[in-house]
Amino acid sequence: MSIDVARDGAVAVVTVDRQDALNALDVATLTELRDRLGELAKDGTVRALVLTGAGEKAFVAGADIKYMSGLDPDGAKGWGALGHEAGRLLETMPKPTIAAINGFALGGGCELALACDLRYAAGRAKLGQPEINLGIVPGWGGTQRLARICGLGVAKDLIYTGRTVDAEEALRIGLVNAIADPVLDRALETAHALTAKSPVALALAKRLVNLAPGALDAEAEAFGELFASEDAKEGLAAFVDKREPRFTGR
Ligand code: CAA
């Protein structure tokens with residue numbers, strides 16, 4: 001099996017397992033990942049998702065270079081589109097997604113991590129967009145999301161040079177939120193903490209934070225609408241009453 005989905009309460013743990021290729025994604029693995037992410041996006045019993053790689057060495061070492069070496073432009077467009085679908089699901093599903101980066105996160109692997117809401121790195125992790133060294137460019141959202149998350153200067157440095165950064169540098173440039181070992185434990189801890197929040201407010205926060213800058217009118221509008229929810233009433237009332245809120249998702 002190349003994509004393993006396990007449940008830990010309301011948290012889904014998705015593991016890419018293709019260890020003989022450092023979890024690089026070939027067509028079968030990426031298609032399965034896209035399909036599983038699509039199911040988990042719609043599954044109301046899943047309140048947070050953790051994405052990680054099997055084994056000690058790699059999160060995902062990128063798109064499968066051997067497969068890509070035989071692609072013509074039409075094939076490469078389809079391949080890019082498939083990666084974008086997986087990234088878009090991680091970025092837009094109405095629940096938090098967390099990358100537990102347990103080793104190499106290169107090329108498409110770094111791009112999938114960038115599509116997640118949060119990124120934690122193991123001390124041994126190595127991240128980067130080495131596509132330039134293959135004569136190509138990031139094709140699964142890296143040119144946009146790396147710039148958005150780390151700023152244009154960092155994105156241009158990493159994408160132009162193709163250099164790899166270690167966990168310490170990744171933390172310094174904002175590419176990961178924290179370094180933790182074991183990294184999966186840290187990701188699960190945060191995921192479980194987030195399942196205690198209002199899923200209504202969390203989904204809206206995710207949608208709003210992801211809006212392009214300049215969409216402040218939409219934020220003002222959506223913020224107001226949220227006040228019709230029972231969770232907003234409960235959360236505000238609980239603070240006033242000095243008690244823990246009990247969110248129902250309505
Ligand atoms: N595609 C296919 N196979 C890969 C791979 C990849 N991205 N990354 C690693 N592998 C394979 C290796 O070919 C090797 O297989 P064999 O044993 O059959 O030779 C196996 O995994 C183990 O890899 P190494 O022997 O190279 O391990 P290492 O520890 O010496 O080096 C590494 C590790 C530095 C990560 C090195 O494997 C490497 O540079 N991999 C390529 C990383 C890369 O360039 N990723 C970006 C791909 S392009 C992309 O993702 C485009 C996009 O935006 C969508």
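Reader: Why are helix 4 and helix 5 called oblique to each other?

Author: Their axes, lines fitted to C-alpha atoms over the stretch in contact with angles from 0 to 180 degrees between N-to-C directions, cross at roughly 55° and come within 9 Å. Under 35 degrees counts as roughly parallel, over 145 as roughly antiparallel, 65 to 115 as roughly perpendicular and the rest as oblique, so helix 4 and helix 5 are oblique. Bear in mind that this is a predicted model, where local features need pLDDT of at least 70, side-chain atom pairs count only at pLDDT 80 or more, and totals for chains, interfaces and linings use all residues. Residues are numbered from 1 along each chain as its sequence is written, and side-chain values use heavy atoms, leaving out hydrogens and water.

Reader: What makes Asn23 buried?

Author: Buried means under 20% relative accessible area, exposed over 50%, and partly exposed in between (1.4 Å probe, protein chains only). Asn23 has 0% relative accessibility, so it counts as buried. Asn23 also has a positive phi, near 60°, without being a glycine.

Reader: How do you know whether Lys242 is buried or exposed?

Author: Lys242 has a relative accessible area of 77%, so it's exposed. Lys242 isn't a glycine either, yet its phi is positive, about 55°.

Reader: And why is Arg207 called partly exposed?

Author: Arg207 comes in at 49% relative accessibility, so it gets the in-between label, partly exposed.

Reader: What is the peptide bond from Asp181 to Pro182 like?

Author: That bond is cis, with omega near -5°.

Definitions and conventions
Helices (H or I, at least four residues) and strands (E, at least two) are DSSP runs, numbered from the N terminus.
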